[in-house]
Amino acid sequence: MMLFLIGMAILAIGYFTYGSVVEKTLGPDERKTCAFTHTDGLDYVPMSGWRNMLIHLLNIAGTGPIIGAILGIRFGAIAFLVIPIGNVLGGATHDFLSGFMSMRSNGASMPTIAKDNLGKVFGTAYLWIFTILLLLVTAVFVNVPATQLARYAGGSDCAFWIFVVVIFGYYAASTIFPIDKVIGRAYPLFGFLLMLGTIALLAMLIFYVARGDFQLGETTGFMEHMSKAPHGPFVPLFFVTVSCGMISGFHATQTTIVARTMKTEKQAKATFYGMMVLEGVIAMIWAAAAMALYNNSPELMHINPNMVLAKIADTFLGKTFGAVATGAVVIQAITSGDTSLRSCRMNLCEQLNIRDRSLVRQLTVCMPMFIVIIGFLWWSNASASGFNQLWNYFAWGNQLLSASMLLTATVWMIRTRRNWLVAAGPAVFMTFIVFCFIMWTSPKHPSQPYGLGLDLGVSIAIGVVLTVITISAVIWHGFRMKKLKGLDSI
C-alpha cells in the first residue's frame, strides 16, 4: 500500500516540479497558433483548452495503461515506483516535446519532423513504423471493446462481429468528419464515463483494502506464482509491456491532432504533460486492482489479461456496477482507436500533399486503411494466440517509436538552442530498451515477437554498445545541423 501511495505522490509532485522544468525549457509564448494560421474546418479548428485536454487524455488513455498495468504488476510491487518515475521523466516529457514540436512546425506530423531533423532515410523509416503502428492500434482498439461488449451480450462470435461493425462505423465517421463535429461533441460524454468508472474502481479498491479483504503487498502466493508466470526478465520486458502508462511512442501520433486545435501555447503543459500524468494515475489504479486480485487468486496471473480485466470489474464493483468499469475500458479503447485512424489519415494526406478536404477525397484515402485493419482483426481472432501476437507487436513497435521521437526531439532541441538533455536522457534509456529487446526476444520465449533470441546478458551488452553509438551519432548530427541550419526562430 505504501509503495502505491508513494507512486501516486510522485506523479502529482512531478507535474508541478519537473513538468515546470520542461515547460521553461521549451518556452511557450503568446504567438498565434496554427489552429488560427492554417484553419481549414477539418483538422485545424480552434477549440477550448478544457476540450483539448479531454481529447488528448482520451486519445492516449486506451487499453494500453490498463492491459499494460495488469501485465506489468506481475513483475512485483516495484511497478508502483517505476511506472510514475518513468511517466514523469519520460512519458509526460515525450508527449510535451512531440506536441510542442508539432505546434511550432505548423501542425506537422512526427514523420515530417523526423525527416526535417534526422534526414530522409530516418524520416521514411519513421513513416512506415508510424503508419503500421496506427493500423495495429486501431485493430487492437476495435478488438478489445468489441470483446468486452460481446461478453455482456452473451459472448457469441456473432455478437462480437456486430460490435466490430458498430465500432468501426464510428471510427470511420470520426476520421473523415471535422474534429469539432464528432470527436469534439462526443468526448465530453466519453470523458465523464471514463472518470466515473476510474473513480468508482479506486473508491471500491480503497474500501476493500482498508477492510482487509485484499492486500497490495507481495503475498507468499503472489511471489510463488510470479516466479512461474510468463512475464520474462524485468529488463527489457517490463518497459515494453507497461508502455502506455509510463511512456508510449503511440502518443506522438496523437499530439499532432491537438496541436492543430490549440488556441494558445500556454495550454501545452496541462494538455500534453498533464494528461500523460493523469494516464499514469489510471495505470496505477488498475495495477493496484490487479495486484489485489492476484494476491487473493494468484492463479489468475497465468490467464489472458482481457479476462483479468473483466474479473477486476466484477470483483470490485459487482456484476452490475462492474459494467461501469468495463464501460470505462471500452471508452478508453474507442477514443484511442478513432483518433488513431484519424491521425493515420492526416499523416497520409500530409505525405501525399493532398489538400482536398472534401468528404469523397478523404474517404478515398481511408479505404486502403480500412482493408488493412479488417485483415488485422481477422488475424487477431483466427486463433487463441492471435490477440497476444497482435498486442506484442504493437508494444514492440510502440517503444521503437518512442525512442525515435526522443532522438528526433534531441536534434530539434540542439538546433533550437534549448537544453537538449531533457530529451536525450529518456532517449538514451528507451533506445537501450529497444535494442536490448530486439536482441533478446524470440518466439522461444512465451508469446514473444520475432527477434534474435540471444542470451539476456549478451543482449544487454549489445544494447549498451548500440545505444552509445546511436546517441553519439544523433548528438553529433544535431550540432552539425545547428551549425549549418540553426532554428533560432522557433
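I looked up threonine 410 to begin with, and found this residue in helix α17, which covers residues 386-415; helices here are DSSP runs of H or I with at least four residues, numbered from the N terminus. At 0% relative accessibility, threonine 410 counts as buried, where buried means under 20% relative accessible area, exposed means over 50%, and partly exposed lies in between, with a 1.4 Å probe and protein chains only. Apart from neighbours within four places in sequence, I noted that threonine 410 is in contact with Trp420, Ala423, Ala424, Ala427, Val474 and Ile475, contact being heavy atoms within 4.5 Å.

Before going further I wrote down what kind of model this is. The model is predicted, and local features need pLDDT of at least 70, side-chain atom pairs count only at pLDDT 80 or more, while totals for chains, interfaces and linings use all residues. Residues are numbered from 1 along each chain as its sequence is written, and side-chain values use heavy atoms, with hydrogens and water left out.

Next I turned to threonine 256, which has its place in helix α13. Threonine 256 is buried, with a relative accessible area of 4%, and I found that it touches Ser102, Gly107, Ala108, Ser109, Met110 and Met346, not counting residues up to four places away in sequence.

On the α6 side the contact involves His94, Asp95, Ser98, Gly99, Ser102 and Met103, which meet His251, Ala252, Thr255, Thr256 and Ala259 in α13. By class, the residues of this contact between α6 and α13 divide into three nonpolar, seven polar and one charged, with Ala, Val, Leu, Ile, Met, Phe, Trp, Tyr, Cys and Pro counted as nonpolar, Asp, Glu, Lys and Arg as charged, and the others, Gly among them, as polar.

What else does α6 cross? I looked at helix α12 (residues 234-241), whose axis comes within 12 Å of that of α6, the two crossing at roughly 65°. α6 passes α12 in a right-handed crossing, and there Ala79, Val82 and Ile83 in α6 meet Phe234, Phe238 and Phe239 in α12. The residues of this contact of α6 with α12 divide into six nonpolar, no polar and no charged.

I then asked how α12 sits in the structure: six of its eight residues are buried, so α12 is largely enclosed by the rest of the structure. The buried ones are Pro236, Leu237, Phe238, Phe239, Val240 and Thr241. After α12 comes serine 243, whose phi is positive, near 40°.

For comparison of burial I checked helix α5 (residues 64-72), which is mostly covered, with nine of its nine residues buried.

I also searched for disulfides, taking one as a pair of cysteine sulfur atoms within 2.5 Å, and the count comes to zero. Cysteine 244 is in no disulfide, and the nearest cysteine sulfur, that of cysteine 344, is 17 Å away; cysteine 244 is buried, with a relative accessible area of 2%. Cysteine 366 is likewise in no disulfide, with the nearest cysteine sulfur, that of cysteine 349, at 7.3 Å, and cysteine 366 is buried at a relative accessible area of 0%.

My last entry concerns glycine 217, found in the loop between α10 (183-211) and α11 (220-226). Glycine 217 is partly exposed, with a relative accessible area of 29%, and, leaving aside neighbours within four places in sequence, it is in contact with Met291 and Asn295. I noted too that the C-alpha atoms of glycine 217 and alanine 268, 51 residues apart along the chain, are separated by 37 Å.

Methods. Axes fitted to C-alpha atoms, helices over the stretch in contact; angles between N-to-C directions. Left-handed = near helix turned anticlockwise from the far one by under 90°.
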